[in-house]
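Subject: Structure for your review

Hello,

Here is the structure I promised to send over. Please open it alongside this email.

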Amino acid sequence: MKILLDYFFPISSIDPTPQASTAFLKQVCVVVKPKAGQEGNVGQIFVCTNMTQVAARTDNTESQQLFNAGMAKVYLLLADDLDLEVPMDSNQGLFYTVLVSSDFVDDDIVSEVDTPAVAASLVKADLTFTAKTAGVAGNSIQVEFLDNVSAGEETAHASGNLITVKIESGVSTATQIKAAIDDSISVQALISVAIAAGQGAVAQTAFAADNLENGADAILGAGPGLLVGTFKGVVGIASDDTGVCADQAAIANRCAFFKKTANGSKNLFYAFGKLLSNAANWSNQQYITMPFGDDVDELGEANSLFDDKVSFVISDDEFGQRLALLACGGKAITAPYIKRNLEIDLQSAALTYISGNQPAYTKTQAALIEDELQKVMDTYINVRKWIEAGVVEVLLIQDNFVGNAEMDIAEPKAFWRIVGEMRQTL
Amino acid sequence: MIFKIYNSDFGFKLAGVDYTFTHVQNMTIEDPETNKLVRGGNAGDKLGLPYKEGTKEPKRVTCTIMGMSKELKGVLDEAFKNQTRLDVYCIDRTDGSSKMAKNSVLSTQPQQLTIDDTAESMNVALIFESFDLSEVHKS
């Protein structure tokens, strides 16, 4: 064994940690449904570098737009619904963007879709009995008219779900019967009664116990909605419903793209492909040419989508299909990426300095670390021009081991439109 | 907050590595940037027009150290030869206040200019030039 050199002159080297990678910020995961034979792979993520690999997993072809836009690879997540908590939690650090394909519809995306409950009812001659509580439970309520009192002495009583009304059959009027029902607390707890217009004076006849019917419970969405667990990146969805788009666009780190049904999520995919395939910069993709039109060709509709910060493509006779807005949670599309990029660079710079210099816990070293972090900020401000301003302060508040850093940055913003006023004064 | 030399640490950072000066005689800073006022010969108003002078000239930081180790000489010689950017600092160790010349270059070859029997002969004047001077007060 060669031991003389290490015996003579042992050297221990201190290697600073290398700079952390931010490559994952440019990667995207597409959520699609599995094709026949791939059902066993639901919940798994596959790396695809071409459409042949994509086609082996799913029939959805929208990933083609990502490749067309310049992406070299996409992650493909096979899913039956949009409860993505488990695959997201177990694949942190592979990608920072998740795009939902048109395999999934609005009901899959939105947490709840309410079809209201229907109250059970029963129509007998000129009287309509309606359950107070909507739902199928109302179908078990029964009403019977017994002929065993004189007209004017009607009474009503509920025992469990059976409502008994005592009348004089053929004599007691609808108005008299309703009055008896309205006077009964036990009956009022179960039903209300209405008289057909103009029929209050018409005599009613006795009948055997009969059930209310057609009561139905509320119907919620088929799935749990879009759930991403601890995933902190950007999620993109597309919908042809402007209401759904507006609701989704307000969610932090959520990009809602208005689409025409026939196009599916193609424009959403293409726009993100252009954003993420730029290896050197984060740019907001203002007015880039888009491959498909989504029938937004009226100013009113465009303004409405813009006001809701819904991303969309505008169709113009002269300029063709143009991306008219790409936003995320009401902010510039680049904002979450730049912030995360900055976080990683700050963490990396501090780690590199500490691992390379093995500093003591002193105010001098805190000032030097602060300077290293401020350099990162200054690069973002002066060189990359990704943020307008940023300040770092490192303080030693605790006794040992841990410093506290406070950072303030200006929010990255995007310039999309100009509103002008021209006065004829000359 | 006033910097006192007996409370201060001096040194520079190069490529993320911190080098300290063990013995420092003093640090002086020359900043040629000044705000000036001028007005027309007709003395139109009493406000005048403000402008800056000296913005094209760098700030000069002279750090006079005593003694220079072989390691330090080697690093500074390379920095001078390659015009490597470094950050020179004076940091108050009691509260972390700092004066820094960032992205500076060594203006002159670091060397001992006088050899005699006085203490001053051990001085080496390190002259740095920078356009990015900062002073942060923590108290």
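Below are the findings, grouped by topic.

This is a predicted model, so to say: local features need pLDDT of at least 70, side-chain atom pairs count only at pLDDT 80 or more, and totals for chains, interfaces and linings use all residues. Residues are numbered from 1 along each chain as its sequence is written, chains are lettered from A and ligands numbered from 1 in the order written, and side-chain values use heavy atoms, without hydrogens and water.

**Interface**

Chain B gives 16 residues to the contact and chain A gives 15 (contact: heavy atoms within 4.5 Å). Together the two chains bury about 1,200 Å², with 48% of it on carbon and sulfur atoms. Buried area here is the accessible area (1.4 Å probe) that two parts lose on being put together, summed over both. There are five salt bridges between chain B and chain A. A salt bridge is a side-chain nitrogen of Lys or Arg within 4 Å of a carboxyl oxygen of Asp or Glu. One salt bridge joins the side chains of D87(B) and K375(A), at 2.3 Å, N to O.

**Cores**

The largest nonpolar core has 94 residues. Helix α12 (residues 363-383) of chain A supplies its largest share, nine residues. Apart from this core lies another, of 22 residues, including A120(A) and L212(A). A nonpolar core is a set of buried Ala, Val, Leu, Ile, Met, Phe, Trp, Tyr and Cys residues joined through side-chain atoms within 4.5 Å. Helices (H or I, at least four residues) and strands (E, at least two) are DSSP runs, numbered from the N terminus. F272(A) is among the residues with the most contacts inside the largest core. Beyond its neighbours within four places in sequence, F272(A) touches L66(A), C255(A) and Y337(A), among others.

V61(B) sits in strand β6 (residues 59-66) of chain B. V61(B) is buried, because its relative accessible area is 3%. The cut-offs are under 20% for buried, over 50% for exposed and partly exposed in between (1.4 Å probe, protein chains only). Outside four places in sequence, the contacts of V61(B) include M27(B), A101(B) and L133(B).

A208(A) lies in strand β11 (residues 207-211) of chain A. At 60% relative accessibility, A208(A) is exposed. Leaving aside neighbours within four places in sequence, A208(A) contacts V143(A) and E144(A).

F8(A) belongs to helix α1 (residues 4-8) of chain A. F8(A) is exposed too, at 62% relative accessibility.

Best wishes
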